[in-house]
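Dear colleague,

Please read them alongside the coordinates.

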Amino acid sequence: MERSSSSFQQGHAEPRWKLILGSVGVVYGDIGTSPIYALREGLRASATGTRPSGDVIGLVSLLLWTLILIVTLKYVVLILRADNRGEGGTMSLFALVEQATGRRSMFLLGLGMVGTALFFGDAIITPAVSVLAAVEGMILVQPSLEGSTLPIALVILTALFWAQSLGTGRVSILFGPIMLIWFLALGCLGLAQVAAFPAVLAALNPAHGIAFIIEQGAGALPVMAAVFLAVTGAEALYADMGHFGRGPIRIAWATLILPALALTYLGQGALVMTNPEAASDPFFLMAPGWALLPLVILTTLATIIASQAVISGAYSLAHQAVQLGLLPRLRSVHTSDTQIGQIYMPRVNTLLYIGVVALVVVFQSSEALASAYGIAVTGDMIITSILAIILFRRGWKWSLPLVGLIVGPMLVVELSFLMANLTKFLDGGYLTVGVAALIVIMMWTWVRGTRIIQKKLRLTGVPLSTLIETLGRSGRLVRVPGTAVFLSADSEMAPSALLHNIKHNSVLHEQNVIISVQVEARPYVSDANRMQIEEMKNGFYRIKMTFGYAERPDVPKILKMARQAGIRFDIMSTSFFLHRRFLQVGSKREMPLWQAKLYANLVRSAAGPTSFYRLPSNRVIEIGQQISI
């Protein structure tokens, strides 16, 4: 996978083996740590407590075939084909569907919001359950630590979130090798148990899984909810496609990840069938006594890496949501001079940390947290399937029967898993649903409030062409040397900062540049399509700058390109005029009172345009305006 070369793009120039190793370390962290608790929770949820061989074989069969159907067929084979110029993930798929349908309908916008919100719910619970499960393994090594698992987990998580501001570039080089050792360890531990009890290989027959579901009857739903834990993290395959490419992710899955996961689930099943007491913690008890401590250490490292991957994914998704207008401007810090994708978002980091710590303190064990896991992930998967159906039908022109034949069965399976996970709603699932609901409300409020404000400004504003004609006939304005740059959301209307500057100061610069920044439904834009320059009358220029949703707008950098295109100005004699709105909640409003207040708070909390657009702070002049909403 190669992106077109651009100063704003990051191609896959590394050797293929490095990309494969990198995908092992980042893409598969979450799904790779699921064996710590997936079979354990499935055994606890099964209707019988005696753990007969049929139960174990059936559970292992369900785990294996869930990996094959959901991860291999849906994501590795099918969804990875939905390539938005090298990028993947919910926002990329949402953008592809927008391009295919030619419009942003409320239905599509709602799906994008819900998918984004569910991912954040998953991002809160993954570090909590993974790190807790790893720390609980220490009890097997040192039983006296049983009362200390909670503070140890909190220390690890606090250090993890604190380290985000330092950037992960220097340590991420170790992620791949550590996770490679992790998956090899999973495979070796599982293989040893399978060799000791090869009868467990019967689980490769899906008939055993189906029979197990039938025998469980009404008790199948909680069991299926536990089985689904094996594929949490599958969305990362698609979300991280832009970092490593489709090929390396597929190769890593087929040659290492799937075989290792299959062996470890088979090995855990073999262990429980020969020693039913091992059902209490089959993952750690697979290891011989001498290997238990190294396994606990390796598990802790693997869960930290898995948590890091989810946190980084949350930063990327939040950045894309901001660019697509679903969230207010959030401050982001690029932690690498060479890697575009490595960013740190302080506010997102703080909110994630608060959520993770709250979950750990409230639930206190990975077993209890497993009850809250799954609803957000299944919801996100179903949204991916719905968006994929629209893309295949409208964008790829697949026939309706073909779409139904290929995607229909997967959607049915995912809906079944959603129903199963909903049985855990009162046991903790309400938390992730609640977090997602709050985020959806916030995004919908932001989108709706922004549209109302833009509508008001357009109704009360002055067309730019009309203003330029009027200024050309005015004799009272003083022309001052230099260039004034005005940022405007609507390139057809005169910027409010320009109108206020003329009204209060009665001056006009010799050269005035009106800049509008728009974000397209593609991750990157080539330099050839970066800007459009229109020379207008009386020293005015209009520049439309275009960025992809995965890029960070850099206005000064594009202005240098404009200078090369013929606009003459010196950055040291250029002033940037910005319009800052101060919202007041009035009696005549188009939103409910609570929503209007929420929108006003979101506007106040948004990062300033100076840092967001990378403007030189010593050349910026802000002009305020009160607006009633």
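**Charged pairs and their surroundings**

At 43% relative accessibility, Arg458 counts as partly exposed, a class that lies between buried (under 20% relative accessible area) and exposed (over 50%), as computed with a 1.4 Å probe on protein chains only. Before going further, please note that this is a predicted model, in which local features need pLDDT of at least 70 and side-chain atom pairs count only at pLDDT 80 or more, whereas totals for chains, interfaces and linings use all residues. Residues are numbered from 1 along each chain as its sequence is written, and side-chain values use heavy atoms, with hydrogens and water left out.

The structure holds 11 salt bridges, each being a side-chain nitrogen of Lys or Arg within 4 Å of a carboxyl oxygen of Asp or Glu. One of them joins the side chains of Arg458 and Asp490, with 2.0 Å from N to O. Because Arg458 belongs to helix α22 (residues 425-460) while Asp490 sits in the loop between β3 (478-487) and α24 (496-505), this pair ties together parts that are 32 residues apart in sequence; helices (H or I, at least four residues) and strands (E, at least two) are DSSP runs, numbered from the N terminus. Asp490 is likewise partly exposed, at 24% relative accessibility.

A salt bridge also forms between the side chains of Lys537 and Glu469, at 2.8 Å from N to O. This pair links distant parts of the chain, 68 residues apart, since Lys537 lies in the loop between β5 (531-535) and β6 (540-548) and Glu469 in helix α23 (residues 464-473). Lys537 counts as exposed at 51% relative accessibility, and Glu469 as partly exposed at 35%.

In the salt bridge between Asp527 and Arg530, the closest N and O atoms are 3.8 Å apart. Here Asp527 is partly exposed, at 29% relative accessibility, whereas Arg530 is buried, at 0%.

Finally, Lys397 is found in the loop between α20 (375-395) and α21 (400-422) and is exposed, at 64% relative accessibility. Its side chain reaches the backbone oxygen of Arg394 at 3.0 Å. Between Lys397 and Leu108 there are 18 Å in space, C-alpha to C-alpha, and 289 residues in sequence.

With kind regards

Note on methods:
A polar contact is a pair of N or O atoms within 3.5 Å; within protein, one must be able to donate a hydrogen and the other to accept it, and residues adjacent in sequence count only if both atoms are side-chain atoms.
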